[in-house]
Amino acid sequence: MSKLFSPSRLADLELSNRLVVSPMCQYSADDGCANDWHMVHLGMLANSGAALVVVEATAVERMGRITHGCVGLYSDDNEAALARVIANARRISRAKFGIQIGHAGRKGSSQRPWEGG
């Protein structure tokens, strides 16, 4: 049997296998709030068989987002929206979740790629 499908450990986190989904910027949030797009996207990834799914780059302040469509955790609304998405994924999957914390620095809050970058 391949080691890929054997359990693994990251510090105190026990993973059922060694499959990890890397974070992918979706540029689909509403003022930093995850929405139904994220519900479907992260739910699908949670059901992929990976033991760990990492949520896309998540801004710690509004002006630090890569684009206006990036997820954030800088407000109570952001927190509630992301909690709703993760709670749903946990209902339908045993995958664990991580988050990529981000801040775009002085280049933050540019337009989405399809809106001119």
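Residues are numbered from 1 along each chain as its sequence is written, and side-chain values use heavy atoms, with hydrogens and water left out. In this predicted model, local features need pLDDT of at least 70 and side-chain atom pairs count only at pLDDT 80 or more, while totals for chains, interfaces and linings use all residues.

**View 1. R65 sits buried in a loop.** The loop runs between β4 (52-59) and α2 (76-92). Helices (H or I, at least four residues) and strands (E, at least two) are DSSP runs, numbered from the N terminus. R65 has a relative accessible area of 2%. Buried means under 20% relative accessible area, exposed over 50%, and partly exposed in between (1.4 Å probe, protein chains only). Which backbone oxygens lie by the side chain of R65? That of R62 lies 3.0 Å from a polar atom of the side chain. That of H68 is reached at 3.2 Å. Residues that R65 touches, beyond those up to four places away in sequence, include D31, G32, Y74 and C70. Contact means heavy atoms within 4.5 Å.

**View 2. C33 and C70 are in no disulfide.** A disulfide is a covalent bond between the sulfur atoms of two cysteines. Here the term is a pair of cysteine sulfur atoms within 2.5 Å. The whole structure has zero disulfides. For C33, the nearest cysteine sulfur is that of C70, 13 Å away. For C70, the nearest is that of C25, at 5.2 Å. Is C33 buried or exposed? C33 is buried, with a relative accessible area of 16%. C70 is also buried, at 2%.

**View 3. A11 and Y27 have positive phi values.** Most residues other than glycine have a negative phi. A11 has a phi near 55 degrees. A11 is in the loop between β1 (8-10) and β2 (13-15), and is exposed at 68% relative accessible area. Y27 has a phi of about 50 degrees. Its loop lies between β3 (20-21) and α1 (36-46).

**View 4. The largest pocket holds about 180 Å³ of space.** On a 1 Å grid over the protein atoms alone, a pocket is an open set of points where a 1.4 Å probe fits, with protein on both sides within 12 Å along at least five of seven lines. Lining residues have an atom within 4 Å of a point. Among them are E14, N17, G49, R94 and K96. The lining divides into five nonpolar, four polar and three charged residues.

Notes:
Points joined across faces, edges and corners; volume = space filled by probe spheres on them. Nonpolar A, V, L, I, M, F, W, Y, C, P; charged D, E, K, R; others polar. Polar contact = N/O pair within 3.5 Å; in protein donor to acceptor, adjacent residues only side chain to side chain.
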